[in-house]
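Subject: Structure handover

Hi,

Here is the structure I promised to pass on. Please open it next to this email, and my notes will follow below.

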Amino acid sequence: MEITYATSSGLDMSAAAATAGRQVRVIPLQHPSTSSPSPAARPPPLLSSFRSKLKRMTATDWLELLVPCSRWIRSYRWRDYLQSDLMSGITVGVMLVPQAMSYAKLAGLHPIYGLYSGFVPVFVYAVFGSSRQLAIGPVALVSLLVSNVLGSIVDSSEELYTELAILLALMVGILECIMGLLRLGWLIRFISHSVISGFTTSSAIVIALSQAKYFLGYSVVRSSKIVPLVRSIISGASKFSWPPFVMGSIMLAILLIMKHLGKSSKNWRFLRAAGPLTAVVCGTAVVKIFHPSSISVVGDIPQGLPKFSVPREFGHLKSLIPTALLITGVAILESVGIAKALAAKNGYELDSNQELFGLGVANICGSFFSVYPTTGSFSRSAVNNESGAKTGLSGIITGIIMGCALMFMTPLFREIPQCTLAAIVISAVMGLVDYDEAMFLWRVDKKDFLLWTITSVTTLFLGIEVGVLVGVGFSLAFVIHESANPHVAILGRLPGTTIYRNVQQYPESYTYNGIVIVRIDAPIYFANISYIKDKLREYELDVSGDTKRGPEVERNYFIIIEMAPVTYIDSSAVQAFKDLYQECKSRDIQIVIANPNHDVLPTLARAGLVDLIGKEWYFVRVHDAVQVCLQHVQNLTESSSTPKSSSGDSVTPRRQSSFLQRLHRLQSGEDSPSTEPLLSHGEV
């Protein structure tokens, strides 16, 4: 019986397989044409694609692109949404007034700048932001960064300190707008969640310790490192004062109890948002009644809305660039993360790049009204969502509350105790201490736990800037290591099937003598091609194993490379494959390609690798490649054994030739030994 099998080149190899006793059916692989595509088939350039997209945009699309708030305004359901937006806006506004003053103190600024930062950016973001539940304004982490950096440049009591904080808001806004316009939001994906968790955990501890001075009654050194803070706290213990410590502890207990009750029951949800206001009212009442001299208060706060002014002190621009980059990264991580989670929870899509642009415009506009850097808040956004916010109107209501506070209520803020504002900051950052995440990472992935630990320790002992850089550096190092050392598996055939899987994952699978089947589970490029070549050489020499079948041979003749997971291959990898082919050829080993990706195959064809290896050695399925290679191993091993005379000499004058030479003769039909079927029909 003649055996025929179709290959990608369309060559008839029936002569090579005619003696095996059965047919091997192979699915033809469609090779791409290496000739230049016609103009009609050539894909449109990027500029043409952009132009066509612009032409398809309607007036409504333009309006939604330039003014994202038009999306929810056009579909606003007044009866369903208005009450929820009003309640959530008022709730967040009541929560933001004391928090804004607290975070401004943390940043080393006068409390009025916190109120300004909770007023102007809120309105701007409601127009240009894409999230409907995100509550923006001053936050603890950014405030600490501002304090840490500016404190090393100038004393917080000087006017220059405030001017630099406002200039920083302008720089952060410009960076965020640039990232949004250039659609660079994907860069944040390289910072792993374990880095973010470790960074925020240590930052929360540093923030809490930095507020200890308001509890203890004496000054503590300003630092983002835990050692100087602890040393300063211990060294000043002789100046300890009981009244602010008692009041601060009581206010902190009130805040934590109200937060816990607000989270534990829906009926008590309002307590979570009312906690800061309750602490402020109680603390102010105590000061009004008892007038304790040892408890410091906020003091006079200017009344009225912020005035327009252009940021100044551009001479310090260069020295603030690293800090602006750091604050931008932290702000994006904090804001876009919670915005995406809330968008998914409320059933609408969020454009990260539009979100960056909205945050940038809010900071740029805010900088002209004495605002320091702002971003989305975890706690206030959660309260906003839990209170039923449906659209950006809730943010506008919050802004109105802040405006009313600035215009009419600032005289009431004069007697707010400093320890009460510190308690508000500490209660807010306690939720950022994420030890549960560390325990989860320890159970799931020790590598991510190591990354969390490294980021946490470096942030605590070396400072926030160093902690971020080290965490991101290690995160990228892990990514590069994984990319440069991809998973390469030896495949075996599952019994009773034509499916080939990793032999380590499926021990019951079996391989064939003389054939190595390898799967590369990653794109192939200059950084990992050396590792892949080393792995292929290692597997090429591996002839051990008790689960091998087929003809008994002492070495491997074929390396079948399963390339379905390979989505990309670059020029360096192609050249390396050419070198590998020549190496294998010198050792009488044939490389076979199975199931190449539709993006990879044209690259191989253009590079000449298809013609070099031979179109007949490219297959659609691994099983097709295995069957053809098995036939050749059977035929070639039998053709290598020649009859002997009684004296032991060969009866033919032909000397022993190489494997590839015999393979070529078999393909040409010069050798045609008589053989039996290699596999039973049930195994095909």
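A term to start with: a nonpolar core is a set of buried Ala, Val, Leu, Ile, Met, Phe, Trp, Tyr and Cys residues joined through side-chain atoms within 4.5 Å. Buried here means under 20% relative accessible area, exposed means over 50%, and partly exposed lies in between, using a 1.4 Å probe and protein chains only.

Please keep in mind that this is a predicted model, in which local features need pLDDT of at least 70 and side-chain atom pairs count only at pLDDT 80 or more, while totals for chains, interfaces and linings use all residues. Residues are numbered from 1 along each chain as its sequence is written, and side-chain values use heavy atoms, with hydrogens and water left out.

**The cores**

The largest nonpolar core has 57 residues, and the members that touch the most others are Ile 515, Ile 524, Ile 560, Ile 561, Phe 577 and Tyr 618. There is also a second, separate core of 46 residues, with Met 251, Ile 295, Ile 338 and Ala 343 among its members. As a general point, nonpolar side chains in soluble globular proteins tend to be buried together.

**The chain overall**

The chain has 684 residues, of which 52% are buried. It holds 28 helices and ten strands; these are DSSP runs numbered from the N terminus, with helices being H or I of at least four residues and strands being E of at least two. Counting contacts (heavy atoms within 4.5 Å), residues 24 or more positions apart account for 78% of those in the chain with a separation of 6 or more.

Six strands form an open sheet in the order 4-3-6-8-9-10, with mixed pairing. Its edges are strand 4 (500–502) and strand 10 (618–619), each of which pairs on one side only. Two strands pair if DSSP finds at least two bridges between them.

Which strands does strand 8 pair with? Strand 6 runs parallel to strand 8 and is joined to it by five bridges. Across that pairing, Val 516 stands opposite Ile 559, and the bridge partner of Val 518 is Ile 561. Strand 9 (residues 590–594) also pairs with strand 8 in the parallel sense, over five bridges. There, Ile 561 stands opposite Ile 593 and Glu 562 stands opposite Ala 594.

Strand 9 has five of its five residues buried. Gln 590, Val 592 and Ala 594 point one way from strand 9, and Ile 591 and Ile 593 point the other way.

**Helix 23**

Helix 23 (residues 529–540) has twelve residues and reaches 16 Å from its first C-alpha to its last, close to the 16 Å expected at 1.5 Å a residue. The expected span is 1.5 Å times one less than the number of residues. Its buried residues are Ile 529, Ile 532, Lys 533, Lys 535, Leu 536, Tyr 539 and Glu 540. They cover an arc of only 160 degrees around the axis, so they lie on the same side of helix 23. The arc is that of the directions from the helix axis to the C-beta atoms.

What do these buried residues pack against? Their partners are strand 3 (488–493), strand 6 (515–520), strand 8 (558–562) and helix 24 (571–586). Val 516, in strand 6, counts as buried at 4% relative accessibility. Val 516 and Leu 536 are 20 residues apart in sequence and 9.2 Å apart in space, C-alpha to C-alpha.

With a disulfide taken as a pair of cysteine sulfur atoms within 2.5 Å, the count comes to zero. Cys 365 is in no disulfide, and the nearest cysteine sulfur, that of Cys 177, is 8.4 Å away. Cys 365 is partly exposed at 29% relative accessible area, while Cys 419 is buried at 1%.

Arg 183 has a positive phi, near 55 degrees, although it is not a glycine. Arg 183 sits in the loop between helix 9 (159–181) and helix 10 (193–210). His 291 also has a positive phi, near 50 degrees, and lies in the loop between helix 14 (270–290) and helix 15 (317–346). His 291 is exposed, with a relative accessible area of 59%.

Best wishes
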